[in-house]
Each structure stands twice: as C-alpha cells, then as structure tokens.
Amino acid sequence: MSFEEGDRVVLHDEHSEFDGETGTIETVSETMFGDENYVVSFEDGQEAGIAADALTAADDEA
C-alpha cells in the first residue's frame, strides 16, 4: 500500500519505540530500488526510513 503526505498511519515495528502508535506521514521518498520510504511524526517524536509494509492506515475516529 502506498501513502501520501498527511495520511494518518499506525506503525508496526517491534524494534521501534513508536510501535503501535498512530502518526502522520511527513515525507515520502523513493529509494534507488523504486520502493517508498516514509518519515512519520508522532506525538513524542519522529521516525524516518519506514517501509510501507510496516504501516497500516489509521482508523480516523477522532
């Protein structure tokens, strides 16, 4: 799945301090292999270099 800047997503990465948290896509960049990497901002910080398979769309209930 592909995401765009401003999309709300949930991170699924057990090695990240933000695992299970909802954040917002800040930047989308393409690797030299054609894959997309994302910078996601969370309430308490930011995580860069996140692959699309570690993200799911957030349920916007707020």
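This is a predicted model: local features need pLDDT of at least 70, side-chain atom pairs count only at pLDDT 80 or more; totals for chains, interfaces and linings use all residues.
Figure 1. Strand 1 covers residues 8-11 and runs antiparallel to strand 5, with three bridges joining the two. Strand 5 itself spans residues 55-57 and is an edge strand, pairing on one side only.

**Figure 2. The five-stranded sheet.** The strands form an open sheet in the order 4-3-2-1-5, and their pairing is antiparallel. Two strands lie at the edges: strand 4, made of residues 45-51, and strand 5, made of residues 55-57. From one strand to the next, the twist averages 45°. In general, the strands of a sheet pair through backbone hydrogen bonds, in a parallel or an antiparallel way. The mean pLDDT of the protein chain is 94, with 97% of the residues at 70 or more.

**Figure 3. Ser16 in the loop between strand 1 and strand 2.** Strand 2 covers residues 22-30, and Ser16 is found in the loop between strand 1 and this strand. Ser16 has a relative accessible area of 10%, which is under the 20% limit, so Ser16 counts as buried. The side chain of Ser16 reaches the backbone nitrogen of Phe18 at 3.0 Å. The side chains of Ser16 and Glu47 are joined by a polar contact of 2.9 Å.

**Figure 4. The stacked rings of Phe18 and Phe42.** The ring centres of Phe18 and Phe42 are 4.5 Å apart and the planes stand at 10°; planes under 30 degrees apart count as stacked, so this pair is stacked. Phe18 lies in the loop between strand 1 and strand 2, and Phe42 lies in strand 3, so that the pair links distant parts of the chain, 24 residues apart. Phe18 has a relative accessibility of 4% and counts as buried. Phe42, at 8% relative accessibility, is buried as well.

**Figure 5. Gly45 in strand 4, facing the view of Phe18.** Gly45 is found in strand 4. With a relative accessibility of 27%, Gly45 counts as partly exposed. Gly45 touches Phe18 and Val40, residues up to four places away in sequence not being counted. Between Gly45 and Phe18 the C-alpha to C-alpha distance is 8.6 Å, while the two are 27 residues apart in sequence.

**Figure 6. The edge-to-face rings of Phe3 and Tyr38.** The count of aromatic pairs comes to two. In the pair of Phe3 and Tyr38, the ring centres are 5.8 Å apart and the planes stand at 80°; planes over 60 degrees apart count as edge-to-face, so this pair is edge-to-face. Phe3 belongs to the segment before strand 1 and Tyr38 to strand 3, and the pair links these distant parts of the chain, 35 residues apart. Both Phe3 and Tyr38 are buried.

**Figure 7. Tyr38 and the neighbours of strand 3.** Five of the seven residues of strand 3 are buried, so the strand is mostly covered. Strand 3 pairs with strand 2 in the antiparallel sense over six bridges, and Tyr38 in strand 3 is the bridge partner of Val28. Strand 3 also pairs with strand 4 in the antiparallel sense, over five bridges. In strand 4, the bridge partner of Tyr38 is Ile50.

**Figure 8. The hairpins on either side of strand 3.** The hairpin of strand 2 and strand 3 has five residues between the strands, and in this hairpin Gly34 takes a positive phi near 90°. The hairpin of strand 3 and strand 4 has two residues between the strands. Thr31 is placed in the loop between strand 2 and strand 3, where strand 3 covers residues 36-42. Thr31 is partly exposed, with a relative accessible area of 23%. The C-alpha atoms of Thr31 and Gly49 are separated by 9.7 Å, and the two residues are 18 residues apart along the chain.

Note on methods
Residues are numbered from 1 along each chain as its sequence is written. Side-chain values use heavy atoms; hydrogens and water are left out. Two strands pair if DSSP finds at least two bridges between them. Helices (H or I, at least four residues) and strands (E, at least two) are DSSP runs, numbered from the N terminus. Axes are lines fitted to C-alpha atoms, for helices over the stretch in contact, and angles run from 0 to 180 degrees between N-to-C directions. Buried means under 20% relative accessible area, exposed over 50%, partly exposed in between (1.4 Å probe, protein chains only). A polar contact is a pair of N or O atoms within 3.5 Å; within protein, one must be able to donate a hydrogen and the other to accept it, and residues adjacent in sequence count only if both atoms are side-chain atoms. Contact means heavy atoms within 4.5 Å. pLDDT is the predictor's confidence in each residue, from 0 to 100. Rings of Phe, Tyr and Trp (its six-membered ring) pair if their centres lie within 6.5 Å; planes under 30 degrees apart count as stacked, over 60 as edge-to-face and the rest as tilted.
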